[in-house]
Amino acid sequence: MTEQNMNREPQNSNAQEPQAPMALSAAVKKIAWGYIFLHLNINLGTLNILPNWICYLNINQSLDSIGEEVPSIKLLRPLGIVLGIWEGIQWVRTALGMGEATGSAVYFYTALGLLATVVSLYFHFQLLTDLSVLAEQQGCPQKGRLLTLRTVRTVLMTLFALPLPWLEYEVFVFLVLAVQLIITIWICSVLFSLKNSLLEIENGPAEEAAESESRPGTTYWPEGGTVHWPEESPCKEEEDSVE
């Protein structure tokens with residue numbers, strides 16, 4: 001074997017190493033931060049420094065890990081991509097100070113906005129449903145809270161999507177802002193709580209292994225449980241009795 005081939009082998013082996021999947025707790029954490037970007041807006045002039053499209057970027061990056069436990073959540077990926085592109089277009093238009101569409105483009109743009117609203121309602125309804133399934137499968141106590149959050153959020157977002165004069169009166173403006181803030185805090189509270197529960201489950205085997213290693217006479221087997229061996233093997237000496 002030549003020296004060049006010897007140098008190439010380690011490079012090929014490194015290139016073929018599979019990427020480690022994201023932990024469930026890390027995936028849920030990314031989704032929680034995504035909802036912060038979705039529901040909170042901080043504007044510097046016409047620039048929103050918490051763009052909504054980051055929410056869908058975070059969610060799409062988390063789908064593969066959660067999909068190992070809840071396969072149906074992977075079906076949301078195409079919708080997440082579409083919503084991310086739509087929110088990106090909206091963000092760019094606002095940042096550039098572009099006004100509302102005029103002429104015949106008004107109807108087209110209005111139809112796209114209505115379609116995006118319907119897709120968004122379904123997307124987040126199904127996402128929170130799948131996260132409740134994940135909580136149930138992993139034995140986490142957040143299932144009921146996720147289902148309640150899913151229903152309340154869907155009803156409120158549907159109400160705000162109706163063609164009502166929400167932004168024409170100061171009372172309605174403060175009402176919308178207050179509801180958005182409450183929903184954001186609620187979502188973050190539930191999702192970060194789920195993240196902590198999943199993290200405890202993920203760290204459980206490692207902590208049990210560390211405790212078993214610190215106990216004399218105990219051997220820890222990750223797949224087979226904990227096997228206890230006696231600290232000292234008793235030796236029985238046989239004495240020959242001579243009659």
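In the predicted model, Asp-64 has a relative accessibility of 42% and therefore counts as partly exposed. This residue forms a salt bridge with Arg-77, in which the closest N and O atoms are 2.6 Å apart.

The axes of H3 and H4 are 8 Å apart and meet at an angle of about 160 degrees. H3 is therefore roughly antiparallel to H4, as angles over 145 degrees fall in that category. The handedness of the H3 and H4 crossing is left-handed.

In total, three salt bridges are present in the structure. A further one is formed by Lys-74 and Glu-68, for which the closest N and O atoms are separated by 3.9 Å; the cut-off for such a contact is 4 Å. Glu-136 and Lys-143 form another salt bridge, with a distance of 3.3 Å between the closest N and O atoms. Glu-136 counts as partly exposed at 48% relative accessibility, and Lys-143 is also partly exposed, its relative accessible area being 31%.

The axes of helix H2 (24-39) and helix H5 (residues 105-137) come within 13 Å and cross at roughly 150 degrees. This angle makes H2 roughly antiparallel to H5, and the crossing in which H2 passes H5 is left-handed.

Ile-42 is located in the loop between helix H2 (24-39) and strand E1 (43-44). With a relative accessible area of 43%, Ile-42 is classed as partly exposed. Together with Leu-44, Leu-47 and Ile-49, Ile-42 forms a nonpolar patch on the surface, and the accessible area of these residues together is about 350 Å². Asn-48, by contrast, is buried, because its relative accessible area of 11% is under the 20% limit. Asn-48 lies in strand E2, which spans residues 47-48. The C-alpha atoms of Asn-48 and Phe-37 are 9.9 Å apart in space, while the two residues are eleven residues apart in sequence.

At the level of the whole chain, the protein contains seven helices and four strands. Along the sequence, these elements follow the pattern α-α-β-β-α-α-α-α-α-β-β. The protein comprises 243 residues, of which 33% count as buried.

Conventions: Residues numbered from 1 in each chain as written. Predicted model: local features only at pLDDT ≥ 70, side-chain atom pairs only at ≥ 80, totals over all residues. Heavy atoms only, no water. Patch = residues over 30% accessible without salt bridge, like charges linked within 9 Å, V, L, I, M, F, W, Y side chains within 5 Å. Areas by Shrake-Rupley, 256 points an atom, 1.4 Å probe, with all protein chains shown as cover. Salt bridge = Lys/Arg side-chain N within 4 Å of Asp/Glu carboxyl O. Helix = DSSP H or I, 4+ residues; strand = E, 2+ residues; numbered from the N terminus. Buried < 20%, exposed > 50% of the residue type's maximum accessible area, 1.4 Å probe, protein only. Axes fitted to C-alpha atoms, helices over the stretch in contact; angles between N-to-C directions. Parallel < 35°, antiparallel > 145°, perpendicular 65-115°, else oblique. Left-handed = near helix turned anticlockwise from the far one by under 90°.
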